[in-house]
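The following note sets out points for a colleague to check against the coordinates. Please read it alongside the display below.

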Amino acid sequence: MSKDGILYSKDGKTLVQYPAGKTPTNGILTINKNNGTIEGVEYIEKQAFYGCQTIVSADVESLIKIGDEAFYYMNSLKSVTLTSVETIGIASFAMGGLTNVIVGDGCETINEEAFSACTSLKNIKLPEGLKKIGGSAFYKCTNINELVIP
């Protein structure tokens with residue numbers, strides 16, 4: 001099904017594809033249950049936002065899983081807050097322009113290369129309940145100033 005040009009699964013719980021040229025208000029993408037740019041989504045499919053250059057900030061509150069390469073090669077995306085994401089897929093944010101990442105307490109798994117080659121990444125806050133950080137998750141993140149691991 002499609003809503004506002006965004007492709008979803010039939011039940012609306014999986015975001016399959018976000019149009020590369022679609023710009024959210026002020027470049028800020030919010031994903032939550034009731035009051036956001038995108039509502040009711042629990043999963044983001046593989047490469048759903050791949051190469052999208054119109055989003056500068058993402059506040060994600062209602063996801064269970066972010067698929068592999070979901071936000072891959074997004075140079076415009078500078079800040080992301082992942083409040084309730086349980087799993088971050090392989091290379092989900094790799095090769096992007098992120099400078100700030102906050103991962104909330106619900107996250108248990110950050111898979112391989114999740115943030116690799118985000119050369120502008122400076123600040124990362126990881127959650128207390130994190131169980132796995134995959135190999136090369138922060139590979140080539142050469143400008144990290146602060147990495148908080150409780």
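Is E112 buried, partly exposed or exposed, and at what relative accessibility? At 29% relative accessibility, E112 counts as partly exposed, where buried means under 20% relative accessible area, exposed over 50%, and partly exposed in between (1.4 Å probe, protein chains only).

1. Basis of the note. This is a predicted model, in which local features need pLDDT of at least 70 and side-chain atom pairs count only at pLDDT 80 or more, while totals for chains, interfaces and linings use all residues. Residues are numbered from 1 along each chain as its sequence is written, and side-chain values use heavy atoms, with hydrogens and water left out.

2. Overall fold and dimensions. The protein chain has zero helices and 15 strands; helices (H or I, at least four residues) and strands (E, at least two) are DSSP runs numbered from the N terminus. The radius of gyration is 14 Å, close to the 15 Å that the globule rule gives for 150 residues, so the chain is as compact as a globular protein of that length. That radius is taken over C-alpha atoms, and the rule is 2.2 Å times the number of residues to the power 0.38. Along its principal axes, the C-alpha trace spans about 40 × 30 × 25 Å.

3. Of the 150 residues in the protein chain, 43% count as buried. The accessible surface comes to about 7,300 Å², and 47% of it belongs to carbon and sulfur atoms; accessible areas come from the Shrake-Rupley method with a 1.4 Å probe, and for residues only the protein chains shown count as cover. Among contacts (heavy atoms within 4.5 Å) between residues at least 6 apart in sequence, 25% join residues at least 24 apart.

4. Salt bridges. Side chains of opposite charge can pair when their charged atoms come close. A search of the whole structure finds two salt bridges, the criterion being a side-chain nitrogen of Lys or Arg within 4 Å of a carboxyl oxygen of Asp or Glu.

5. The pair K131 and E108. The closest N and O atoms of this salt bridge are 4.0 Å apart. K131 lies in the loop between β13 (123-125) and β14 (132-133), and E108 in the loop between β11 and β12 (109-110), so the pair ties together parts that are 23 residues apart in sequence. K131 is exposed at 67% relative accessibility, whereas E108 is partly exposed at 37%.

6. The pair E112 and K132. Here the closest N and O atoms are 3.6 Å apart. K132 is partly exposed, at 34% relative accessibility.

7. Nonpolar patch. Y50, Y73 and M95 make a nonpolar surface patch of about 290 Å². Patches are made of residues with over 30% relative accessible area and no salt bridge, with like charges joined within 9 Å and nonpolar side chains (Val, Leu, Ile, Met, Phe, Trp, Tyr) within 5 Å. Y50 is in the loop between β6 (43-44) and β7 (57-60) and is partly exposed at 41%.

8. Positive phi values. M95, in the loop between β10 (87-88) and β11 (100-103), has a phi near 60°, a positive value in a residue other than glycine; its relative accessible area is 36%, hence partly exposed. D4, also not glycine, has a positive phi near 55°. D4 is found in the loop between β1 (2-3) and β2 (6-8) and is exposed, with a relative accessible area of 59%.
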